[in-house]
Amino acid sequence: MKVIEQQIKVTLLTNIGDYQEDWVKVYIEPNNAYSDCGGRITVNIGDDHIGSHFFSHCGTETFEQFIGKVGYDYLINKLFQTQNWIDVESGDELFQSLLDNEILYRVKDARASGWVSKDELRELYEELKDREFRDIGELSNMLGSSECETMAKMFNDDWFYDGNFKKRNRVYDRQKAAIQAVIDHFGSEVVA
């Protein structure tokens, strides 16, 4: 058995991009044990989010070059597994999702075709406007049968499964800004 002695260089980066005062800390640990290029990246965003991933094969000359070339969505998935969109958690967020996800037309079509009356829409609105819930499944259990029927007329019978009632995940947006700054840092370092 042949033992290969390897030097592991750990690089700590702080004050990445626009995020000063140690908002983002990045630890880079190149490791060529499995291929010509590999390593571990650990990212600490504030005190809230810490993600780490080991890449055994990178296909570039250095691990830093690899980090400088990947997409932010790929790296966020590897480090944090955070979703870009999450379920709405209130009636107000549900109404906003109709606009954000461009599905308000379904309400208009249901009203124009006569499937849903003005009174049914008003009753649904009154039921939803101050409602809070964990996810759409919980909302469907909270609503009465007439409100569920109104939702089904506009969004189909499986309205609580179809995934249209989503909002932007602010955690993802924060991680995206930090990870993009990390990628930009290594991308500019590779070019220099």
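Trp-159 and Phe-165 are both buried, where buried means under 20% relative accessible area, exposed means over 50% and partly exposed lies in between (1.4 Å probe, protein chains only). This is a predicted model: local features need pLDDT of at least 70, side-chain atom pairs count only at pLDDT 80 or more, and totals for chains, interfaces and linings use all residues. Residues are numbered from 1 along each chain as its sequence is written, and side-chain values use heavy atoms, with hydrogens and water left out.

Stay with Trp-159. Its relative accessibility is 2%, so Trp-159 counts as buried. Phe-160 counts as partly exposed because its value is 28%. The rings of Trp-159 and Phe-165 have centres 6.4 Å apart and planes at 80 degrees, so this pair is edge-to-face. Rings of Phe, Tyr and Trp (its six-membered ring) pair if their centres lie within 6.5 Å; planes under 30 degrees apart count as stacked, over 60 as edge-to-face and the rest as tilted. The structure holds 10 aromatic pairs. Among them is Trp-159 with Phe-160, also edge-to-face, at 5.4 Å centre to centre and 80 degrees between the planes. One aromatic cluster takes in Phe-155, Trp-159, Phe-160, Tyr-161 and Phe-165.

Another ring meets a charge. Arg-168 lies over the face of Trp-85, 5.4 Å from the ring centre. The test asks for NZ of Lys or CZ of Arg within 6 Å of the ring centre and within 35 degrees of the ring normal.

Now the cores. A nonpolar core is a set of buried Ala, Val, Leu, Ile, Met, Phe, Trp, Tyr and Cys residues joined through side-chain atoms within 4.5 Å. The largest has 25 residues, and Val-26, Ile-41, Val-43, Phe-63, Ile-67, Leu-75 and Ile-179 touch the most other members. Helix 8 gives the most to this core, 6 residues. Helices (H or I, at least four residues) and strands (E, at least two) are DSSP runs, numbered from the N terminus. A second, separate core of 20 residues includes Trp-159, along with Val-88, Val-116 and Ala-152.

Last, the largest pocket. On a 1 Å grid over the protein atoms alone, a pocket is an open set of points where a 1.4 Å probe fits, with protein on both sides within 12 Å along at least five of seven lines; lining residues have an atom within 4 Å of a point. Its lining counts 14 residues, with Phe-95, Val-107, Leu-121, Leu-124 and Tyr-125 nearest the centre. Helix 5 supplies the largest share of that lining, 6 residues.
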